[in-house]
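Hello,

Here is the structure I said I would pass on. My notes on it follow below.

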Amino acid sequence: MVRNVADFFPDLQTEDFYLLSGLEHGMRFSEWVATEKLTEFARLDDEEVEYRLDRCEDRGLVERKTIQYLGFRLTFEGYDALALRTFAERETIEGFGAPLGVGKESDVYEVRSYKPLALKFHREGYTNFREVRKERDYTSDNRHVSWFYTARKAAEREYEALEAVYPEVRVPRPIDQNRHGIVMEKLSGVELSKAKLDPGQAVGVLDLILDELAAAYRAGYVHADMSEYNVFVDSDGVTVFDWPQAVSTDHENADEFLERDVENLVGYFRRKHPKQVGDPDVRAVPETLRNDEFESVRDHR
Ligand SMILES: Nc1ncnc2c1ncn2[C@@H]1O[C@H](COP(=O)(O)OP(=O)(O)OP(=O)(O)O)[C@@H](O)[C@H]1O
Ligand SMILES: [Mg+2]
């Protein structure tokens, strides 16, 4: 897990952010940015660059390596700090809170604003990158740059999908996005995988979720990563979250993805509530998914 950047965020100074932004800029061109370049990119003199590099290195925001030259790059914590600073400047968030969830590909925190919100930092590419790095210490430029790029792209894709389907689909309300971070409404309730549903509620809850998938389809999107871990259930219904893999309904495999989403979900309910959902006569796919638009799903049934 990446360390919580909030621990050291309050004592970062404006010039530290100049350095981090300069490094971010330099990393577009090479994996390790030479110190001389930093004076130019960060618009700080040599002495200031040295001082800021030490401070940022002590806080785990940058790391160094000597190749043919001494180079520096941002760590994910450094990238978190930059995104957090932008959210704070835009007044999207005012304070940082406790972790809400740590996924394989993201860290989600509570953040304070006019009300509690959720901040999700994407980490796509990072875990893989660490594994690969253990195996061989490559110095290929593009790969390193790519884990920042991959994480940012995932955040952009997720935000775009949320904006496109909200409010027609019950998703966390999207609030802001910067770099690899998304700020959204904080959900209440529990993940479907942990929800204790009465047997009598199972079919009803399944129908509610399928209605959301149908609404998303009408809004032009297929979630494409549907599972009991990506749905929250509370007393007013269900919310579908975690949308970075969503595809447009124009995508050539959209119907296959939709079919797989429905299978995953129905499969989960069948395993968990075999008496209620196991019988093939039980209506598992709602009306909305049973018209011509959803041929693949209907055939599957
Ligand atoms: N808006 C939110 N409000 C409250 N909690 C949230 C919110 N978004 C995500 N979480 C929590 O953070 C966890 C991880 O979020 P999400 O599923 O979006 O990321 P992920 O990278 O897919 O994680 P995983 O790889 O484990 O599926 C969720 O399981 C959930 O508990
Ligand atoms: Mg998830």
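Predicted model: local features only at pLDDT ≥ 70, side-chain atom pairs only at ≥ 80, totals over all residues.

Asn230 sits in the loop between β10 (221-222) and β11 (231-234), and Asp242 in the loop between β12 (237-240) and β13 (247-248), so the pair ties together parts that are 12 residues apart in sequence. Both Asn230 and Asp242 are buried.

The largest pocket holds about 920 Å³ of space. Its lining has 34 residues, and those closest to the centre are Ser106, Tyr229, Asn230, Phe241 and Asp242. By class, the lining has 14 nonpolar, eight polar and 12 charged residues. Domain 2 (91-186) and domain 3 (190-291) both contribute to the lining, so the largest pocket lies between them.

The second largest pocket has a volume of about 300 Å³. It is lined by 12 residues, with Glu24, Arg28, Tyr79, Phe148 and Arg152 nearest its centre. Here too α6 supplies the largest share, four residues, and α1 (14-26) supplies at least two. The lining divides into six nonpolar, two polar and four charged residues. Domain 1 (9-90) and domain 2 (91-186) each provide at least three residues of it.

Regards

Definitions and conventions: Residues numbered from 1 in each chain as written. Chains lettered and ligands numbered in written order. Heavy atoms only, no water. Buried < 20%, exposed > 50% of the residue type's maximum accessible area, 1.4 Å probe, protein only. 1 Å grid on protein atoms, 1.4 Å probe; cavity = no way out; pocket = protein on both sides within 12 Å on 5 of 7 lines; lining within 4 Å. Points joined across faces, edges and corners; volume = space filled by probe spheres on them. Nonpolar A, V, L, I, M, F, W, Y, C, P; charged D, E, K, R; others polar. Domains from an automatic or database assignment.
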